Amino acid sequence: SGNTTLSDHTSHSEICRQYCFYNREGSANFLFMRCRKMGVLTKGFAYLIVILDWYSRKVLSWRVSNIMDISFCLEALEEAIARYGTHEIFNTDQGSQFTSDAFTGKLKEHNIRISMDGKGSWRDNIFVERLCRSVKYEEVYLKVYETVTEARRSIGIYLNFYNRERPHSSLDGIPPNQFYYNNLLPLPMAA
């Protein structure tokens, strides 16, 4: 079937660390945030999903929702594919939104190999985990979102800053957008 199984996951992770290049490996992760007002509720959570390119650390797409269902995860995945093309491999944790038939089916539809972290294998998704840590410490923990709309707007501003301006030591101090676009592979010439 072409999918990476948990039994061969360790070797896959090592290969990706050594041979990761442009548009080869993507990943997704989830982040929970508190909001003061959730519709008629006075407190609640908002959920962020991000789709990340491993090579450049560029956030390819993201969504914030007040319900943790599969629809906004699929929207983010579909946007990333439509705007940036497909990755060869896509890594996630084993959350229900990522193991759903709809999400894995969308990856399979585009011939993207699926890699899922094993229990305690946080390093397998390290780049998107580090992004989520940055989002938490540089954005979420510094703000009190009154509404999901406010959270969505503020996180959008942060992720735009992250992609366009925030320097990355692993990218020689340049932002993900610059690294991504400076390293695009040339398209084949028409005959």
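Which residues of α5 are buried? They are Val-128, Leu-131, Cys-132, Ser-134 and Val-135, where buried means under 20% relative accessible area, exposed over 50% and partly exposed in between, with a 1.4 Å probe and protein chains only. The model is predicted, so local features need pLDDT of at least 70 and side-chain atom pairs count only at pLDDT 80 or more, while totals for chains, interfaces and linings use all residues. Residues are numbered from 1 along each chain as its sequence is written, and side-chain values use heavy atoms, with hydrogens and water left out.

**Overall architecture**

- The protein chain comprises seven helices and five strands; helices (H or I, at least four residues) and strands (E, at least two) are DSSP runs numbered from the N terminus.
- Along the sequence, the pattern is α-β-β-β-α-β-α-α-β-α-α-α.
- Of the 191 residues of the protein chain, 47% count as buried.
- Among contacts (heavy atoms within 4.5 Å) with a separation of 6 or more, 61% join residues 24 or more positions apart.

**Nonpolar cores**

- The largest nonpolar core has 21 residues, and those with the most contacts inside it are Ile-49, Ile-51, Phe-90, Phe-103 and Leu-107; such a core is a set of buried Ala, Val, Leu, Ile, Met, Phe, Trp, Tyr and Cys residues joined through side-chain atoms within 4.5 Å.
- At least two residues of this core come from each of β2 (44-53), α2 (71-84), α4 (101-109) and β5 (113-116), and α2 gives the most, with eight residues.
- A second, separate core of 20 residues includes Met-33, Leu-52, Val-59 and Ala-151.
- Beyond its neighbours within four places in sequence, Phe-90 has contacts that include Ile-51, Leu-77, Phe-103, Leu-107 and Ile-114.

**Helix α4**

- Phe-103, Thr-104, Lys-106 and Leu-107 are buried in α4.
- Viewed down the axis of α4, these buried residues fall within an arc of 155°, so they line one face of the helix; the arc is that of the directions from the helix axis to the C-beta atoms.
- Asp-101 and Glu-109 are exposed on the other side of α4.
- The buried residues of α4 pack against α2, β4 (89-92), α3 and β5.
- Asn-111, which follows α4, has a positive phi, near 55°.

**Helix α5**

- The 13 residues of α5 (residues 126-138) should span 18 Å at 1.5 Å a residue, and the end C-alpha atoms are 18 Å apart, which agrees; the expected span is 1.5 Å times one less than the number of residues.
- The exposed residues Arg-130 and Arg-133 lie on the face of α5 turned away from its buried side.

**Cavity and pocket**

- One cavity of 30 Å³ or more is found in the whole structure; on a 1 Å grid over the protein atoms alone, a cavity is a set of points where a 1.4 Å probe fits but cannot get out, a pocket is an open set with protein on both sides within 12 Å along at least five of seven lines, and lining residues have an atom within 4 Å of a point.
- The largest cavity holds about 50 Å³ of space, and its lining includes Ile-51, Leu-77, Phe-90 and Ile-112.
- About 330 Å³ of space lies in the largest pocket; a volume is the space filled by probe spheres set on grid points joined across faces, edges and corners.
- Of the 15 residues lining the largest pocket, Arg-130, Ser-134, Arg-166, His-168 and Ser-170 lie nearest its centre, and α5 supplies the largest share of the lining, eight residues.
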